[in-house]
Amino acid sequence: MPTSLYTILTFARINTKRFFRDKVSIFFGVLFPLIFLFIFGGIFGGDSGPNFHISLINQSSSPFAKQFVEKLQENSGFKLELTDKSLDDAREKMVRSQIDATVILPEDFGAVDANGVPTGQATVYYTQNGEQSGRALQAIFGGIFQDINRGITKADEPFGVKGEQLNVKSLTNFDYTFAGMLGFALLGIGIFGPVNVFPELKKQGILRRLSTTPLKVWQYFCAIVISQIAVGIISIIVMFIVALLVFDLNVVGNMFILIPYLILSIMLLLGIGLAIGGWASNERQAAPLSNIVVFPMMFLSGTFFPRFLMPDWLQQISAFLPLTPIIDGLRYIVNEGYTVAQLVPQLGLMAAWIVVIYLIAFRVFRWE
């Protein structure tokens with residue numbers, strides 16, 4: 001075995017043993033994310049509120065269609081989202097549980113027939129596991145049209161509604177939140193680990209003694225990366241087991257894509273921890289700087305609440321934070337079954353951040 005590789009593996013083994021001998025590290029690296037998982041699982045694991053959040057696509061220009069939409073907006077039982085986009089765009093929102101269903105009013109909705117009576121048929125689209133809401137909406141719209149029909153004619157009912165199920169499943173609230181919890185766990189492993197350990201090693205003079213040996217900075221970094229990846233994978237496996245058994249997590253992704261993506265994610269966040277911990281001489285320098293870096297990512301990258309709830313300008317800014325492509329990619333893989341080709345935007349941004357962050361980490365690292 002080459003000497004460099006032997007050195008890297010030796011220090012990786014030492015760092016891994018140090019982690020599992022440190023009760024504080026085990027708590028913050030494994031148990032603390034699990035506590036948050038149970039908290040947010042309890043909050044988002046239940047059903048949503050009684051109101052229906054629907055996207056309405058009005059393709060008709062008839063006066064009747066306009067009046068119909070206005071009446072729906074006045075109905076407190078609906079949270080109506082008017083859009084001129086296609087069903088494919090609405091489908092993405094249904095898959096991610098941003099809306100319960102989509103209602104389309106076709107071009108001929110409200111058109112007057114030969115008898116001078118407006119007619120039309122609305123369509124309610126819903127996902128497989130949104131069938132209950134879809135059928136409830138279908139029944140509600142059926143009742144609305146019955147009232148309209150009675151006011152127009154006593155003959156055959158000119159207005160009706162039909163339901164059509166899309167061959168996809170939408171995310172539950174917990175499914176969507178779980179990727180954020182994974183990101184939170186990776187933050188603790190990748191950033192808080194080195195930030196807490198490095199200043200202590202400098203204080204004890206351990207790093208200063210290591211600097212007198214043939215050990216190179218890149219070898220030391222590689223050893224830490226390997227050990228933290230091992231710890232991170234163990235922590236994530238525990239979270240997956242709990243999420244599957246306790247909260248019925250819906251996993252549709254490929255584990256052969258997920259595991260390399262997790263490794264890349266740990267490398268990225270660990271680079272931030274190496275830069276902060278390697279530069280700081282003591283805890284007083286490390287703690288404030290790590291909080292300045294971590295908290296914006298924690299609250300703006302979709303860790304605790306979805307980014308689509310933010311204003312558009314903030315979504316555009318937060319999209320470039322290092323944690324954002326990690327959480328987005330994990331959600332796409334676990335819950336939506338994305339392939340590697342579909343993850344190119346996230347992978348490209350992560351690769352760019354890795355290059356920049358590790359260049360900074362090598363530049364600012366100090367042995368004491």
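**Close-up views of a predicted model**

View 1. Val246 lies in helix H8 (helices are DSSP runs of H or I, at least four residues, numbered from the N terminus). This is a predicted model, in which local features need pLDDT of at least 70 and side-chain atom pairs count only at pLDDT 80 or more, while totals for chains, interfaces and linings use all residues. Residues are numbered from 1 along each chain as its sequence is written, and side-chain values use heavy atoms, without hydrogens and water. Val246 counts as partly exposed because its relative accessibility is 48% (buried is under 20%, exposed over 50%, partly exposed in between, with a 1.4 Å probe and protein chains only). Together with Phe38, Ile237, Ile241, Leu244 and Leu245, Val246 makes a nonpolar patch of about 590 Å² (residues with over 30% relative accessible area and no salt bridge, nonpolar side chains joined within 5 Å; a salt bridge is a Lys or Arg side-chain nitrogen within 4 Å of an Asp or Glu carboxyl oxygen). H8, residues 217-246, supplies five of the patch residues, the largest share.

**View 2. Phe178 in the largest nonpolar core.** This core has 64 residues, and Phe178 is among those with the most contacts inside it (buried Ala, Val, Leu, Ile, Met, Phe, Trp, Tyr and Cys joined through side-chain atoms within 4.5 Å). Beyond four places in sequence, Phe178 is in contact with Leu37, Met239, Phe240, Ala243 and Leu249 (heavy atoms within 4.5 Å).

**View 3. Helix H10.** Gly302, which follows H10, has a positive phi near 90 degrees.

How values were computed. Helix = DSSP H or I, 4+ residues; strand = E, 2+ residues; numbered from the N terminus. Patch = residues over 30% accessible without salt bridge, like charges linked within 9 Å, V, L, I, M, F, W, Y side chains within 5 Å. Areas by Shrake-Rupley, 256 points an atom, 1.4 Å probe, with all protein chains shown as cover.
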